[in-house]
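Q: I am new to this structure and would like a close look at its backbone in the loops. Please walk me through it, and then on to the pockets.

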Amino acid sequence: MKTATVHIGDTPIGSEYPVYLIGEIGLNHNGDVEIAKRLIDVAADSGVQAVKFQKRTPELATPEHMKDVQRETPWGTMSYLDYRRRVEFDRDAYVEVGRYATLRGLDWFASPWDVPSVHFLEDLGVNAHKVASASVTDLELLDAIAATGKAVILSTGMSTIEEIDAAVNVLGRERLILMHATSSYPMPTEEANLLMIPTLRDLYPGVPVGYSGHERGLQISLAAVALGAVAVERHITLDRTMWGSDQAASLEPQGLEHLVRDIRIISEALGDGIKRVYPGEIAPRAKLRRVLTP
């Protein structure tokens, strides 16, 4: 099914274009700009088109019931709110990593988790916004994102169809990319439900549909492409044993390289669905076919 074309920067995304690949750095930098730059290098070297971060105003984005929960971290025991403050990049850090991503030829953007974070990212000139699955029901946030007029990537994990409908009504469909997702970390195979990709295409005709994966390994993401996903997002890490809640569901550098390679092969192999006799078949046909058509 042909979809609309959505542009992120100069890159067109839709059913008629190469799969748009996003390396989700998220918080896997653990608040360290140099780790973020190394992850940008991993993404660029692998051949993805974009890297994505997360942006929060910790006091607003942290649920009230979680703020005082104590957490063991590499920096000692601290409240969940203080942990969020510890790993959050400030403006100078974002300017540095954003410039570095641009120099490496990548689009970069982030998931804003609150309205001030939308304004923060707009001030930095991002050319798209990503809505995390956790934010699907935050209609105030979605309204602020819609008002930017930028392309929006909407993940649909942990959401009902009714909640997705409400989000799409706020965001509009003109610059929207939907991402099928299951928000388990890591995601068990039986929860992948990849047939939601064609379901979302049917529910929202013309809207490009991709896949945001949290599984271990590559197979499920590759199957998503075979089912027509126009974009794929995967968390990336330098080492899955690093500290952090997303590391175990992330791809290490070699895994990301293999994912990009295999997605490009699958995309080429899918073809256009029009039956034809290929040049490589001419000689075998002449040699092997006993009855020839006129």
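A: Let's start with Asn30, which counts as buried because its relative accessibility is 13%, under the 20% cut-off. Please keep in mind that this is a predicted model. Asn30 sits in the loop that runs between strand S3 (20–26) and helix H1 (33–46). Its phi is near 55 degrees, a positive value in a residue other than glycine. That is worth a second look, since most residues other than glycine have a negative phi.

Met158 also has a positive phi, of about 50 degrees, and is not a glycine. You will find Met158 in the loop between strand S9 (151–155) and helix H7 (161–171). With 56% relative accessibility, Met158 counts as exposed, as the cut-off for that is over 50%.

A further loop, between strand S10 (176–181) and helix H8 (196–203), holds Pro186. The peptide bond leading from Tyr185 to Pro186 is cis, with omega near -15 degrees. Most peptide bonds, by contrast, are trans.

Tyr185 also takes us to the largest pocket: among its 30 lining residues, Tyr185 is one of those nearest the centre, along with Gln54, Arg56, Trp113 and Asp246. This pocket holds about 460 Å³ of space. Strand S4 (50–55), helix H3 (80–87) and strand S12 (231–235) each bring at least two residues to the lining, and H3 gives the most, with three. Sorted by class, the lining has 13 polar, nine nonpolar and eight charged residues.

Definitions and conventions: Residues numbered from 1 in each chain as written. Predicted model: local features only at pLDDT ≥ 70, side-chain atom pairs only at ≥ 80, totals over all residues. Heavy atoms only, no water. 1 Å grid on protein atoms, 1.4 Å probe; cavity = no way out; pocket = protein on both sides within 12 Å on 5 of 7 lines; lining within 4 Å. Points joined across faces, edges and corners; volume = space filled by probe spheres on them. Helix = DSSP H or I, 4+ residues; strand = E, 2+ residues; numbered from the N terminus. Nonpolar A, V, L, I, M, F, W, Y, C, P; charged D, E, K, R; others polar. Buried < 20%, exposed > 50% of the residue type's maximum accessible area, 1.4 Å probe, protein only.
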